[in-house]
Structures are given as structure tokens and as C-alpha cells.
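Colleague: Could you walk me through this one before I set anything up? I'd like to go by topic and ask as we go.

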Amino acid sequence: MQDTAEQPSTTSSGKRTPLSAFWDNGFRLESDDDQFHLHLGGSAQIDSTWFIGPKASYLLPNGDDNGVNNAAATFLRRARLRADGDLYSLFDFFLEFDFANASNENSGEEPPSFGNLIGTPTPTNVWLQVREVPGLGNIRMGFQMKPIGMTNNTAQTNLPFLERADNSDAFYAPFDNGFTLGVSARNWVESERLAWVIGVYRPSTNAFGVTLNKYAWGARTTGTPWYEDDGQRLVHLGVGVWGSELPEGKLRVRARTELRNGPGFAVPVLVDTGQIPGNIQHTIGPEFAMVHGPLTLQAEWAGQFLTDAIANGLNQGTVFFHGGYAEILWFLTGESQPYNKRDGVFSRVIPLNNYNVQK
């Protein structure tokens with residue numbers, strides 16, 4: 001009997017491209033013709049707290065005790081895996097998920113607790129970018145950072161502290177981790193000392209990228225009027241704006257402490273407006289930073305307007321919330337905070353000397 005089944009072809013209509021694997025600040029693959037690059041990596045952060053003050057009763061938004069108080073604790077704060085790279089020197093891609101995110105499976109009005117806590121992988125960066133589009137620069141499509149806030153746009157591994165400042169928690173990244181679905185254009189001048197990004201988005205209701213029939217828009221511009229010694233001395237100035245229809249017709253402004261001894265529901269809330277019905281929120285965020293050798297100064301302020309705010313059953317018109325932070329850093333071992341001019345943020349610190357190298 002003759003076998004008439006289709007046999008695999010010894011040739012292919014497509015072209016296979018071999019990739020070389022190597023380690024260079026992470027595991028990387030690239031083609032010999034330099035047209036394909038892939039980087040695989042990730043990061044993990046563990047948070048531990050030991051409180052020495054008197055115990056306090058921390059309440060949940062519904063008034064219940066969170067059962068944690070100021071207990072000492074250790075937990076996995078972030079666990080992110082990522083894949084990023086580029087194709088044909090024309091397309092960039094980024095795929096990153098956080099596997100340490102906590103979510104509560106609540107039944108009805110049951111308050112969040114450790115008993116109904118589950119871990120749910122959460123998207124952070126999931127986008128494709130087309131480079132050097134005439135008149136627009138780089139066009140990025142997908143789940144990406146909102147174009148507002150220096151601390152909000154700084155990668156978690158490059159933050160001076162484990163948590164971002166209160167501005168991000170209250171205004172830039174409330175319940176959505178500072179990410180949103182949309183399309184943005186980003187560009188810079190030839191010297192890279194002036195850069196900007198502008199885009200249109202769908203506002204997210206939570207960190208999982210859930211969007212409704214609403215729209216948002218945002219823009220951010222940054223510059224370095226003073227830049228010397230390859231960034232060891234600089235002044236950063238920036239401003240971001242964010243406007244959004246409210247996904248569920250309500251706005252809640254709240255800020256937590258910068259210490260975490262448990263998931264979000266177990267962390268004490270410093271200020272909380274509760275859910276305020278309204279129409280559109282407009283946020284503006286000016287930025288300042290200075291590097292002078294081992295010294296770094298950084299400060300931001302945010303002002304947020306809510307239109308058609310409802311309180312006590314009455315339309316209060318436009319209401320205003322604001323807040324800010326300032327921080328000072330000093331490298332005892334002499335390093336300077338590296339700066340990324342295109343993105344207008346601080347980048348990864350590289351030690352001047354390895355700890356086990358003797359002079």
C-alpha cells in the first residue's frame with residue numbers, strides 16, 4: 001500500500017533566522033544580521049517591616065478593623081517577569097506581568113480580608129511601538145504608563161524607596177498602578193535635552209486593564225536646562241497633564257503610608273475622600289529634580305480638579321484636591337543618580353566599585 005499522506009517539505013517558503021544567546025545585563029538573543037533582539041528578565045522585591053510604636057487600630061474604608069494593625073510582617077511585594085526587544089530596527093515590544101498582585105474574592109458586602117485573598121497575575125507593560133514615524137516620533141500602542149509624574153514613570157527597580165511617593169498613590173496611579181490602554185506619540189530634540197509624550201487612552205477601572213466606554217488624554221514634557229559631566233550635574237524640569245472621564249462616574253482620592261505590612265486593604269489609609277460622584281477629572285503635575293554628584297533632590301506637586309462633584313445630594317461644581325512630596329538622597333559611596341533624557345526619569349544605579357574588589 002502506498003502512503004499518500006503529505007510529507008513535510010525539506011524546504012520552507014519562509015526564512016529561518018538563527019539567534020545567538022548570550023548574557024549582557026540579562027539573558028539576550030539576537031540575530032547575526034542585527035535585525036532581531038530579545039531580552040528576557042524580571043525582578044522581585046521582598047518587603048519587611050518591624051514597627052516599634054504602640055499598636056493602632058487601622059480601619060478599612062467600610063469602618064471594619066483590618067485585623068493587622070501595625071504588626072511586623074514580611075511579604076512578596078513584587079515579582080515581575082518580562083520580555084522585550086525589537087525587530088528590523090523599526091518595531092519595539094514589551095511584555096511584563098506582576099505575579100505578586102493581590103486580589104480579593106469578596107462575596108456581596110463581605111469586607112476584604114486575608115481569608116478571601118488570592119494572587120492574580122497583573123499586566124504592567126504590554127505594548128508595541130513603531131519607531132520614527134514622520135512628524136510624530138515613536139508611536140506606542142497598548143497597556144502603558146500614564147504620561148504624568150516623574151515617580152510614576154520611573155521603573156520600580158530604579159526607585160529610591162520600595163514604594164512610590166504619595167502623589168502616585170493618590171493622583172497618578174489610584175487602583176490602576178499608573179497604567180492604561182491607549183496610543184501615544186513620544187519624541188525628543190536631537191540633543192535629547194527636551195522630550196515629550198502625548199496620547200489618547202481608555203481609563204482603567206483597576207490594575208487589570210479593564211476599560212469602559214470612556215476616554216482619557218494626557219501629555220508630559222521634560223527638559224534639562226542644566227546638564228554637565230554626562231549627567232552627574234543636572235536640573236530636571238517637567239510637567240504632565242491628565243484628563244479623564246470617570247470610568248464609573250465616581251472619583252476617590254486616597255493616600256496610604258509608604259510602608260506595607262500586607263496587601264493594599266491591610267495598609268492604613270492616611271487620607272480618603274470616599275467615592276465622590278462627578279463627571280471629568282483634570283490633573284496637572286509639575287516636576288523638579290536636581291543632581292549634583294552624590295546629591296539628588298526630587299519634588300513633585302499635583303493638583304486635581306473634579307467637575308460636577310456631588311456631595312450631600314447637591315452639585316458642588318468643580319472641586320479641587322492637591323498634594324506633593326520632596327525627597328533628598330545622598331550616595332555615601334560617591335555614585336550619582338543616572339538620568340534617562342528621553343524618558344525624563346532616573347535610571348538604574350551602577351556601583352562605582354564591586355564590594356569584593358580590593359584596591
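**Talking through the model**

Modeller: Let me start with one local detail: the side chain of Asp98 comes within reach of the backbone nitrogen of Ala100, at 3.0 Å. Please keep in mind throughout that this is a predicted model.

Colleague: Where is Asp98 found, and is it buried or exposed?

Modeller: Asp98 belongs to strand 5, which covers residues 91-98. Asp98 counts as buried because its relative accessible area is 7%, and the cut-off for buried is under 20%.

Colleague: Which residues does Asp98 touch, leaving out those up to four places away in sequence?

Modeller: With those left out, Asp98 touches Arg78, Ala79 and Arg80, and also Thr120, Pro121, Thr122 and Thr124.

Colleague: And what about Asn101, where is its place?

Modeller: Asn101 sits in the loop between strand 5 and strand 6, the latter being residues 102-104. Asn101 is buried too, since its relative accessible area of 17% is under the 20% cut-off. Its side chain and that of Thr122 are joined by a polar contact of 3.0 Å, and the C-alpha atoms of Asn101 and Thr120 are separated by 5.6 Å although the two residues are 19 residues apart along the chain. Not counting residues up to four places away in sequence, the residues that Asn101 touches are Ile118, Gly119, Thr120, Thr122 and Phe208.

Colleague: Stepping back, what does the secondary structure of the chain come to?

Modeller: There is 1 helix, along with 24 strands. The chain has 359 residues, of which 41% count as buried, and among its contacts with a separation of 6 or more, 58% are between residues 24 or more positions apart.

Colleague: How many bridges join strand 3 to strand 4?

Modeller: Strand 3 and strand 4 (residues 73-87) run antiparallel and are joined by 14 bridges, with Asp47 standing opposite Phe75 in strand 4. Strand 3 (residues 36-49) is also joined to strand 2 (residues 27-31), again antiparallel, by 4 bridges, and there Phe27 stands opposite Leu40 in strand 3. The hairpin of strand 2 and strand 3 has 4 residues between the strands, and in this hairpin Asp34 takes a positive phi near 65 degrees.

Colleague: What about strand 13, how many bridges join it to strand 12 and to strand 18?

Modeller: Strand 12 (residues 216-228) and strand 13 (residues 233-245) run antiparallel with 11 bridges between them, and Ala216 has Ser244 in strand 13 as its bridge partner. In their hairpin, which has 4 residues between the strands, Asp229 takes a positive phi near 50 degrees. Strand 13 is also joined to strand 18 (residues 280-292) in an antiparallel arrangement, by 13 bridges, and Gly240 stands opposite Gly285 in strand 18.

Colleague: Changing topic, which residues touch the most other members in the largest nonpolar core?

Modeller: In that core of 16 residues they are Phe171, Leu251, Val253, Leu306 and Phe321. Helix 1 (166-172) and strand 19 (295-306) each supply at least two residues of this core, and the largest share, 3 residues, comes from helix 1. Apart from this core lies another, of 7 residues, including Met150, Tyr227, Tyr339 and Phe346.

Colleague: And what does Val253 touch, not counting residues up to four places away in sequence?

Modeller: On that basis Val253 touches Ala170, Phe171, Val271, Asp272, Thr273, Gly274, Gln304 and Phe321.

Colleague: How many aromatic pairs are there by the ring rule?

Modeller: The count comes to 7 aromatic pairs. Phe143 and Phe179 form a stacked one, with 5.9 Å centre to centre and 25 degrees between the planes. Phe143 lies in strand 9 (residues 137-145) and Phe179 in strand 10 (residues 179-188), so this pair ties together parts that are 36 residues apart in sequence.

Colleague: Why is the pair of Tyr339 and Phe346 edge-to-face?

Modeller: Their ring centres are 5.9 Å apart and their planes stand at 75 degrees, so the pair is classed as edge-to-face, and both Tyr339 and Phe346 are buried. Separately, Trp301, Phe305 and Phe320 form one aromatic cluster.

Colleague: Last one: which rings do Arg202 and Lys341 lie over?

Modeller: Arg202 lies over the face of Tyr215, at 4.5 Å from the ring centre, while the charged end of Lys341 sits over the ring of Tyr227, 4.5 Å from its centre.

How values were computed
Residues are numbered from 1 along each chain as its sequence is written. This is a predicted model: local features need pLDDT of at least 70, side-chain atom pairs count only at pLDDT 80 or more; totals for chains, interfaces and linings use all residues. Side-chain values use heavy atoms; hydrogens and water are left out. A nonpolar core is a set of buried Ala, Val, Leu, Ile, Met, Phe, Trp, Tyr and Cys residues joined through side-chain atoms within 4.5 Å. Buried means under 20% relative accessible area, exposed over 50%, partly exposed in between (1.4 Å probe, protein chains only). Contact means heavy atoms within 4.5 Å. Two strands pair if DSSP finds at least two bridges between them. A polar contact is a pair of N or O atoms within 3.5 Å; within protein, one must be able to donate a hydrogen and the other to accept it, and residues adjacent in sequence count only if both atoms are side-chain atoms. Rings of Phe, Tyr and Trp (its six-membered ring) pair if their centres lie within 6.5 Å; planes under 30 degrees apart count as stacked, over 60 as edge-to-face and the rest as tilted. A charge sits over a ring if NZ of Lys or CZ of Arg is within 6 Å of the ring centre and within 35 degrees of the ring normal.
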